[in-house]
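Please keep the viewer open as you read.

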Amino acid sequence: MAHVVLTDLVKTYGNFKAVNDVTLTVGDGEFVALVGPSGCGKTTTLNLIAGLIPITSGEIAIGDRVVNDVDPKDRDIAMVFQNYALYPQKSVYKNLAFPLQMRKLPRAEIDRKVKDAARVLDMTHLLERKPRELSGGQQQRVALGRALVRDPAVFLMDEPLSNLDAKLRVQMRSEIKRFHQDLKATIIYVTHDQLEAVTMADRMAVMKGGFLQQYDSPAQVFAHPVNMFVASFIGSPAMSLIPVEARTVDGRAVLTGAEGWTMALSPLNARKVRNSTTKKVVLGARHSTIKLHRNAMPDAIPAKAYTVEPTGDVTFVQALLSGATVNISVPPNVVVQPDEPIWLEFDQERLHLFDGETEIALMAD
Amino acid sequence: MTSMTNRVAPRKGKPLDVWRWVGRIFLVLMLLYTAVPMIWMLLTSIKSGFAAMQFPPQWWPNEPTLASYQRLLDPTNSVGQDFLRFFWNSLFVSTATTILAVIVAVPAAYAFSRFEFPGRNFLFFAVLLRNMFPAVIFLVPLFILMRLLGLVNTHGSLILTYLTFGLPLAIWLLKGFYDNIPYQLEQAARIDGATRFKAFMLIVMPLSAPGIIATAIYSFIGAWNEYIFAYTFLNRNDKLTLPVGIQRFFSENTTDFPGLMAASFMMSLPVVVLFLLLQRYFVRALTEGAVKH
Ligand SMILES: Nc1ncnc2c1ncn2[C@@H]1O[C@H](COP(=O)(O)OP(=O)(O)OP(=O)(O)O)[C@@H](O)[C@H]1O
Ligand SMILES: [Mg+2]
């Protein structure tokens with residue numbers, strides 16, 4: 001196993017920058033999830049690490065070796081492709097055996113490893129089939145198996161579970177996690193599914209438009225998103241982002257909404273707001289940090305329930321504030337009617353404040 | 001609900017059936033149109049010389065005989081000697097053309113399909129440009145060139161010419177095959193420990209086998225049937241290929257229709273056999289299931 005260091009990594013296609021100055025260190029034995037919206041450069045980044053496409057500038061090191069000019073086969077990596085890339089003319093067995101044959105392992109060892117992998121992935125009965133005779137989920141498991149039979153320095157996985165049904169996905173998720181713990185494998189794992197990222201990864205790298213936005217533990221990314229994009233991308237339902245205006249009333253910093261309400265700020269939040277470059281500030285709050293009251297309360301902001309969505313465990317209430325939709329979760333025994341007046345109390349400890357111009361999180365100092 | 005699920009796509013009534021029958025009749029007519037000359041050729045080849053000349057013609061030979069075939073395949077008489085020599089010459093020229101065409105077309109098509117290089121589109125266009133002119137206009141210039149190179153009356157002149165005319169389409173055909181083989185397969189192989197060349201040989205080659213075989217058959221048939229250039233570049237009797245040889249031989253023996261038909265039938269045999277193979281390989285959709293769609 002080895003660590004991976006990306007330094008100022010850039011990949012351009014013509015004028016288009018698919019990967020933009022990405023600097024990132026993946027520790028030895030660390031599980032890093034690469035997340036971001038479609039087209040943000042996740043696959044491109046993996047391909048650069050694998051050496052499948054030439055880098056425009058920057059440096060990639062695996063272990064203590066700079067691999068910029070090293071052939072993919074000599075980088076000691078295994079990869080699960082987003083579209084599987086199974087060898088169509090080979091049986092499942094031969095697909096799994098191929099990387100081992102290329103490394104000239106003895107036949108008996110190949111056989112043992114292939115059968116082990118097949119057992120873990122529950123596809124012993126499929127070994128003689130051709131890829132086209134498998135379902136999408138089965139093909140995906142073969143693709144995963146072809147990486148797991150190896151013992152490389154780094155695993156690169158491009159959405160390896162995207163095509164599995166919910167049950168199988170949960171099962172495979174724990175298999176991969178288990179595999180990571182047992183082998184202390186270094187894994188870079190691309191996913192759309194933030195639940196996957198949060199549950200599996202030691203650290204997650206959030207990308208957008210080729211830029212690395214934030215790289216931290218899932219808990220940190222969740223608790224302290226560096227900007228509005230990360231804030232809204234991580235967490236479900238998404239964090240509510242309410243445009244407000246910073247004002248000073250009686251020498252104290254407050255926020256006012258489009259409806260005319262005013263919110264007093266804690267000293268820490270007041271310091272943050274003073275650091276904003278403009279009066280335009282965005283208030284961010286996750287559904288669980290907003291308290292819903294059915295009567296007027298001091299410090300609670302008046303609003304009106306817009307839609308009510310019971311899910312069984314919790315009920316989600318949406319309200320409109322300053323033109324933004326605000327999500328609030330309440331226990332299922334709280335029955336709110338649409339159009340009912342409600343009062344929202346924001347937890348000063350857990351609310352987020354962003355600069356309305358730069359969209360960057362405001363800091364206290 | 002049940003009435004919905006039980007409903008089958010409505011069957012169209014009479015109009016559809018009429019058109020179906022029109023189609024069938026048309027197909028039968030087309031089949032007759034293409035098959036009758038072949039059948040006539042085969043039937044004439046097993047008649048005696050006298051029966052073949054009768055009028056009104058005998059459709060079915062009264063006394064079928066394989067005498068013509070025996071004569072053509074007998075190396076001890078002069079007719080058989082010539083025929084077998086022509087056959088061998090054709091086989092040599094066509095096979096050499098085919099092998100060289102594949103050796104050149106495979107890497108060329110692969111490069112056009114996989115690599116970005118300066119002038120790629122222009123070069124590919126140039127390759128196809130050749131096909132926009134009829135081959136005959138190159139006849140005289142090529143003859144002069146062959147004479148300068150001292151290649152007149154050699155099989156090399158034909159092989160070179162056939163390559164020139166066959167390669168553009170061969171490259172184009174094969175490029176289509178490579179375009180359809182996902183690049184990720186090679187990437188996967190390279191990560192699995194193969195060199196670029198090994199990935200090509202172990203993964204791409206087997207997948208493009210149908211394309212290579214189709215290309216080979218196309219080159220072979222083109223060379224096998226070619227007449228004009230062979231007629232122009234060759235005049236020594238021992239060098240002639242089948243199309244020219246048969247024509248020349250039988251213009252000297254005008255009345256031997258069964259012999260002519262037997263020779264023509266045997267000439268078409270390799271093509272028929274190759275076409276049967278071609279069918280088998282074209283139908284196979286090997287890349288199915290390779291990538292997620
Ligand atoms: N060969 C190429 N030529 C030009 N642009 C490309 C090429 N490959 C990728 N891109 C562009 O680079 C950007 C990043 O692509 P990439 O495949 O890395 O996205 P991704 O994050 O993996 O998205 P997804 O989640 O949909 O798989 C996209 O905008 C894509 O259009
Ligand atoms: Mg991708």
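## Ligand 1 and its contacts

In the side chain of Lys42(A), an N or O atom sits 2.8 Å from an oxygen atom of ligand 1. Another such pair, at 2.4 Å, involves the side chain of Ser38(A), and one at 3.4 Å involves the side chain of His192(A). Taken alone, ligand 1 exposes 640 Å², of which the protein buries 62% (Shrake-Rupley areas with a 1.4 Å probe).

This is a predicted model, where local features need pLDDT of at least 70, side-chain atom pairs count only at pLDDT 80 or more, and totals for chains, interfaces and linings use all residues. Residues are numbered from 1 along each chain as its sequence is written, chains are lettered from A and ligands numbered from 1 in the order written, and side-chain values use heavy atoms, without hydrogens or water.

## The shell around ligand 1

The shell has 13 residues, with Ser38(A), Gly39(A), Lys42(A), Thr43(A) and Thr44(A) the closest (a heavy atom within 4 Å). Helix 1 of chain A provides the largest share, 3 residues.

## Cavities

There are 2 cavities of 30 Å³ or more (sets of points on a 1 Å grid over the protein atoms alone where a 1.4 Å probe fits but cannot get out; lining residues have an atom within 4 Å of a point). The largest has a volume of about 50 Å³, and its lining includes Phe83(B), Phe86(B) and Phe249(B).

Helix 5 of chain B gives the most to its lining, with 3 residues.

Conventions. A polar contact is a pair of N or O atoms within 3.5 Å; within protein, one must be able to donate a hydrogen and the other to accept it, and residues adjacent in sequence count only if both atoms are side-chain atoms. Helices (H or I, at least four residues) and strands (E, at least two) are DSSP runs, numbered from the N terminus. On a 1 Å grid over the protein atoms alone, a cavity is a set of points where a 1.4 Å probe fits but cannot get out, and a pocket is an open set with protein on both sides within 12 Å along at least five of seven lines; lining residues have an atom within 4 Å of a point. Grid points are joined across faces, edges and corners, and a volume is the space filled by probe spheres set on the points.
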